[in-house]
Amino acid sequence: MNLEGKKSPAFSLEGNDGKKHALDDYKGKTVVLYFYPKDSTPGCTKEACGFRDLNPALKKKNVVVFGVSKDSIASHDKFAEKYKLPFVLLSDPNAEVMKKYGAFGKKMMYGKEVQGTIRSTVIIGPKGDVIKHWPAVKKAEEHPEEVLAFLAKN
């Protein structure tokens, strides 16, 4: 499933900042929505810290970053505090938004097919269209740089 060039699915999710965040709230901005399996796991931590470290460069480009997982707000709070994450983590406990973005479904884990969160990212342009979609991110630690490189060219 690739969403590039399509209208971005609407969402409204609770963030670890105590607010609801809806896509409509960010019209006119570029939004990076990255989906990850679990707070405080090795790959997810490397990816989150990568986005944290690039946050000043992303902010200069008027980009809003959201991390999305099934984890609870309490889990997000601990994760964000521990790693000093400067962006909001959204909680999607029933994977409803993840499914709309192709970020939840069948995947291979340790050689077995399982249902779960698929590490992926979409960049939503100021008009609400998906301008870039990575349907399956392989190297979590390198991915934030890849996102910034794409944004630098566009």
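Colleague: Which residue in the turn of the S6–S7 hairpin has a positive phi?
Modeller: Bear in mind this is a predicted model: local features need pLDDT of at least 70, side-chain atom pairs count only at pLDDT 80 or more, and totals for chains, interfaces and linings use all residues. Residues are numbered from 1 along each chain as its sequence is written, and side-chain values use heavy atoms, with hydrogens and water left out. Strands (E, at least two residues) and helices (H or I, at least four) are DSSP runs, numbered from the N terminus. S6 and S7 form a hairpin with two residues between them, and the turn residue with a positive phi, about 55 degrees, is Tyr-110.

Colleague: Over how many bridges do S6 and S7 pair?
Modeller: Two strands pair if DSSP finds at least two bridges between them. Phe-104 stands opposite Thr-117 in S7. S6 (residues 104-109) and S7 (residues 112-117) run antiparallel, and the count is six bridges.

Colleague: Is Gly-105 buried or exposed?
Modeller: Gly-105 sits in strand S6. Buried means under 20% relative accessible area, exposed over 50%, partly exposed in between (1.4 Å probe, protein chains only). At a relative accessible area of 12%, Gly-105 is buried.

Colleague: What separates the C-alpha atoms of Gly-105 and Ile-118?
Modeller: Leaving out residues up to four places away in sequence, Gly-105 touches Val-114, Gln-115, Gly-116 and Ile-118, where contact means heavy atoms within 4.5 Å. Gly-105 and Ile-118 are 13 residues apart along the chain, and their C-alpha separation is 7.0 Å.

Colleague: How is H1 oriented relative to H4?
Modeller: H1 and H4 (residues 143-153) pack at about 30 degrees with axes 8 Å apart. Axes are lines fitted to C-alpha atoms, for helices over the stretch in contact, with angles from 0 to 180 degrees between N-to-C directions. Angles under 35 degrees count as roughly parallel, over 145 as roughly antiparallel, 65 to 115 as roughly perpendicular and the rest as oblique. That makes the H1–H4 pair roughly parallel.

Colleague: Within what arc do the buried residues of H4 fall?
Modeller: The arc uses directions from the helix axis to the C-beta atoms. Ala-152 and Lys-153 are exposed on the other side of H4. The buried set is His-143, Pro-144, Val-147, Leu-148, Phe-150 and Leu-151. These line one face of H4, because they fall within an arc of 160 degrees.

Colleague: Which elements do the buried residues of H2 pack against?
Modeller: In H2 (residues 73-82), His-76, Phe-79 and Ala-80 are buried. They cover an arc of only 95 degrees, which puts them on the same side of H2. Lys-78, Glu-81 and Lys-82 are exposed on the other side. The buried ones pack against H1 (42-60), S4 (63-69) and S5 (88-91).

Colleague: What is the phi of Lys-84?
Modeller: Most residues other than glycine have a negative phi. Lys-84 lies in the loop between H2 and S5 and is exposed at 65% relative accessibility. Its phi is positive, near 50 degrees.
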